[in-house]
Amino acid sequence: MKKQLLLGSALLAFAFASAQTVQNIPTAPGTTLRISAEDVKFDAVLEVDDNGNPIEHFTKHEKMSYLDENGKKVAAPDEVYVNNTHDGEAASWFVKSETESCYVIRFQYSSKNDAPGAWGTFKLLDKATKNPVWEKRYDAAAVQTASYAFAPTEVYVETPIPAGEYIFKVEFQQEDPLKPSFRMCRVEFEAREEIQEVNLMTYCEPAEGGSITITPSRNKFISGTEVKAQAIANTGYKFVGWDNGIDDPFTTNPYTFVIEEDIDLVANFEEVQMWSDVPGYVQFENTRLVGQGKVQYDSHQIKFYNPEKANDDIAEKDKYDIPHPGAPGTVPWLGDYRNNQKEEFDINVTEEGVYNFVFHWSWKEAKNGETPSLAFSIFDKAAYEEDPATAMPVWEDTFTPEAVTYNWFFFKEQKLENINLTKGHKILHIDFKEPVANKYTMNILDMKFGIGDNYGSEAAIEEVAVDADKAVRAYNLQGIEVPATTKGLIIVDGKKVYNK
């Protein structure tokens with residue numbers, strides 16, 4: 001059972017000698033004071049072991065990491081942090097200010113998902129009298145499941161504090177006294193002449209349409225802080241624009257701005273049709289259901305080849321010199337699938353008939369006779385949703401390619417015929433198969449259903465005009481852009497290739 005030791009404000013014998021040192025807060029613009037976990041002393045209620053000895057409140061973890069100001073994960077193997085704090089415990093640092101100042105107090109924190117309800121009361125106490133001159137509560141959101149993975153945040157001392165020596169104290173609280181509170185590291189003080197705190201409130205319209213992520217992740221900022229907001233649509237919705245109450249509605253996403261006043265930021269979403277009408281094209285963006293794979297959107301321009309002009313008879317010796325017969329474009333595609341991954345789509349058959357099913361596929365290379373395949377099945381939606389295990393397909397077929405395409409972005413056309421479909425909603429199920437696990441199967445560029453030559457009127461591929469020298473980009477392994485003709489191992493269109 002956890003034991004408690006009441007120590008009042010007395011210093012502990014195990015505290016570091018450096019805890020007695022008063023550290024000066026720099027007052028020059030842009031300078032900060034970093035105070036380490038190793039400079040802390042503990043007081044108030046302290047956890048002790050079964051022998052009555054204080055439990056160490058400092059931890060160094062070899063896998064520790066924190067997030068920088070851009071939200072990028074940074075390793076910090078030598079970092080020491082305040083840990084094992086429970087409800088009622090407190091940590092203190094001695095600080096000194098040469099001039100009257102306001103402060104930005106930045107720190108990295110972690111609060112485990114299985115121990116919510118943690119908060120801290122931050123105080124500045126006059127060192128001589130122990131009287132508080134500033135106090136603020138900070139509620140710690142659950143940001144990580146690991147106690148050694150940290151996220152940045154900050155609190156503000158908006159009222160100028162006179163020059164003098166102070167005790168910076170954090171009292172740790174937790175709704176469940178038997179669970180630890182949040183953890184802290186990398187505490188910094190920045191002195192400022194003044195601080196204007198502004199609020200950012202975010203809303204989704206409708207609420208079920210999606211979510212908003214804010215970087216830095218908080219809702220209070222100092223006026224003049226750069227903030228990035230990103231709207232993420234839920235399944236069945238699409239993002240259509242922002243409304244901040246200041247500018248005209250706009251659609252930039254993510255949206256980066258400098259916050260200078262209180263803002264109510266609204267992300268507007270619209271419901272989208274979550275099925276594809278047949279005859280017609282299956283839309284990868286909107287109609288995916290519970291697939292295990294992913295629709296890829298290349299952040300650069302995907303170099304794909306016009307499937308209607310593809311040459312099926314490419315010699316092995318020419319496979320690295322395939323001409324580009326089609327215009328490059330940014331299109332969704334099903335890629336990077338491995339053995340036994342699946343995708344499901346909702347299709348709405350608007351006309352009963354005997355259908356053709358056409359899709360474009362790519363398979364880069366064969367090794368040791370290993371050949372992937374695509375297993376297609378169509379079910380009546382009502383029967384499938386009632387019990388997927390017992391639902392019988394109204395059509396199924398398997399496609400196994402006879403030859404490779406030599407390039408992931410060179411697509412060939414395949415047609416499957418004589419598919420009898422009645423009207424109504426169906427589930428199209430695709431299984432990606434590969435004889436050897438953890439190897440790529442095939443990519444799919446588009447799919448369409450038609451009766452005879454009637455495939456509907458919607459275009460399968462929206463060709464995007466791009467600057468020729470930006471259509472294909474290549475990078476070395478350090479992420480530096482290089483000419484696509486560079487010799488050796490480089491990354492082209494997100495794939496590692498070796499140019500001889």
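Which residue forms a salt bridge with R137, and how far apart are the closest N and O atoms? The partner is D139, and the closest N and O atoms are 2.8 Å apart.

The model is predicted, so local features need pLDDT of at least 70 and side-chain atom pairs count only at pLDDT 80 or more, while totals for chains, interfaces and linings use all residues. Residues are numbered from 1 along each chain as its sequence is written, and side-chain values use heavy atoms, with hydrogens and water left out.

**Overall composition**

The secondary structure of the chain comprises 2 helices and 37 strands; helices (H or I, at least four residues) and strands (E, at least two) are DSSP runs, numbered from the N terminus. Of the 500 residues in the chain, 45% are buried. Buried denotes under 20% relative accessible area, exposed over 50%, and partly exposed the range in between (1.4 Å probe, protein chains only). The chain exposes about 25400 Å², of which carbon and sulfur atoms supply 47%; accessible areas come from the Shrake-Rupley method with a 1.4 Å probe, and for residues only the protein chains shown count as cover. Among contacts in the chain with a separation of 6 or more, 75% are between residues 24 or more positions apart, a contact being heavy atoms within 4.5 Å.

**Salt bridges**

There are 14 salt bridges in the structure, each defined as a side-chain nitrogen of Lys or Arg within 4 Å of a carboxyl oxygen of Asp or Glu. Three of these pairs are listed below.

| Salt bridge | N to O distance |
|---|---|
| R137 and D139 | 2.8 Å |
| E154 and R218 | 2.9 Å |
| K381 and D346 | 2.6 Å |

K381 counts as partly exposed at 21% relative accessibility, while D346 counts as buried at 3%. Salt bridges that share partners also join R106, E154, E190, R192 and R218 into one network.

**Aromatic rings**

Rings of Phe, Tyr and Trp (its six-membered ring) pair if their centres lie within 6.5 Å; planes under 30 degrees apart count as stacked, over 60 as edge-to-face and the rest as tilted. By this rule there are 26 aromatic pairs. One of them is the edge-to-face pair of Y109 and Y138, with 5.6 Å from centre to centre and 80 degrees between the planes. This pair links distant parts of the chain, with Y109 in strand β10 (residues 101-110) and Y138 in strand β12 (residues 132-140), 29 residues apart. Y109 is buried, with a relative accessible area of 5%, and Y138 is buried at 10% relative accessibility. Ring pairs link Y109 and Y138 into a cluster whose members also include W93, Y103, F107, F122, F168, F172, F182 and F189.

**Charges over rings**

A charge sits over a ring if NZ of Lys or CZ of Arg is within 6 Å of the ring centre and within 35 degrees of the ring normal. K127 lies over the face of F94, at 4.9 Å from the ring centre, and K448 lies over the face of Y455, at 4.6 Å from the ring centre.
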